Amino acid sequence: MVTSQLPPDLIQRAKLAKNILVLSGAGMSAESGVPTFRDEEAGLWHQYSPEDLATEDGWRADPQLVWGWYLWRIGVINTTTPNAGHLALAQWAQLNSSIKFNIVTQNVDDLHERAGSKVLAHLHGRIDEFRCIDCAKPAQADLTNIPTTPQLRIPTQKCACGGDLRPNIVFFGENLDPIGLEASFQAAQHADLTIVVGTSSVVYPAAALPNIAYDSGSYVVELNPNPTNLGCQLHWATTAAIGLPELVSAIKAE
């Protein structure tokens, strides 16, 4: 079913659900002003490919370039605030303490947390956390002088072992954290309502979660302006910042 209006059936299912899974993607953060990889605002970076900026090979070839890219992204994220969709999810989770409410996100920012939500898993890592590229130990980075405008190359920071610090995100070609991934699979298998919002549903293994939920009997709802290839019972043509507050308001009013 495809609709542009809030379906009454969804309100009832949301009220009765005991185990809710939310999978969020880049479209949700974009509504807060977080640019996607190829956003026009990141014009300086258009001359570089994903292989240059988001792979371990790219890092080792030019670590100062990649470090500058990620510091700029951290600076941009720090200027944004959670949108109405983030806030609505936090409110929804607090309506009934007896339900399980799991958020799994593909986004590397902390907007869900700043809105007041607990996140089960950041599948692609956190951009504001760091580890050594050599010894892999977690480490703290000095973020006191984050650039507010794109800078092509910034000297990297070092781990105690002498290796470069890198953001604790998943580069292209790297495996996801197995603990977070397994927790996400378990949440999908037990969900009775699954909300998929702001994602293209093409990046695996994250894109497998709605399918696992669907096959396990969950009612799967996609919130996206345009339908994707996701298998779901309902496509609601809306965005996170518009649709989620409307849904939560309707739940509270019932």
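**Exercise 1. In which order do the 3 strands form the open sheet, and which strands stand at its edges?**

Residues are numbered from 1 along each chain as its sequence is written. This is a predicted model, where local features need pLDDT of at least 70, side-chain atom pairs count only at pLDDT 80 or more, and totals for chains, interfaces and linings use all residues, while side-chain values use heavy atoms, without hydrogens and water.

Step 1. Find the strands (DSSP E runs of at least two residues; helices are H or I runs of at least four, and both are numbered from the N terminus). Two strands pair if DSSP finds at least two bridges between them.

Step 2. Read the order: β6-β5-β7, with antiparallel pairing. Because β6 (138–139) and β7 (165–169) each have a single partner strand, they are the edges, and one side of each lacks a neighbour in the sheet.

Step 3. Look at β5 (residues 125–132), which is joined to β7 by 5 bridges. Here Phe130 lies opposite Pro167 in β7.

Step 4. Contact means heavy atoms within 4.5 Å.

**Exercise 2. At what angle do helix α1 and helix α10 pack, and which residues make the contact?**

Step 1. Take α1 (residues 8–16) and α10 (residues 240–253): the angle is about 70 degrees and the axes are 9 Å apart. Axes are lines fitted to C-alpha atoms, for helices over the stretch in contact, with angles from 0 to 180 degrees between N-to-C directions.

Step 2. Classify: α1 is therefore roughly perpendicular to α10 (65 to 115 degrees).

Step 3. List the contact: Leu10, Ile11, Ala14 and Lys15 of α1 meet Leu247, Ala250 and Ile251 of α10.

Conventions:
Parallel < 35°, antiparallel > 145°, perpendicular 65-115°, else oblique.
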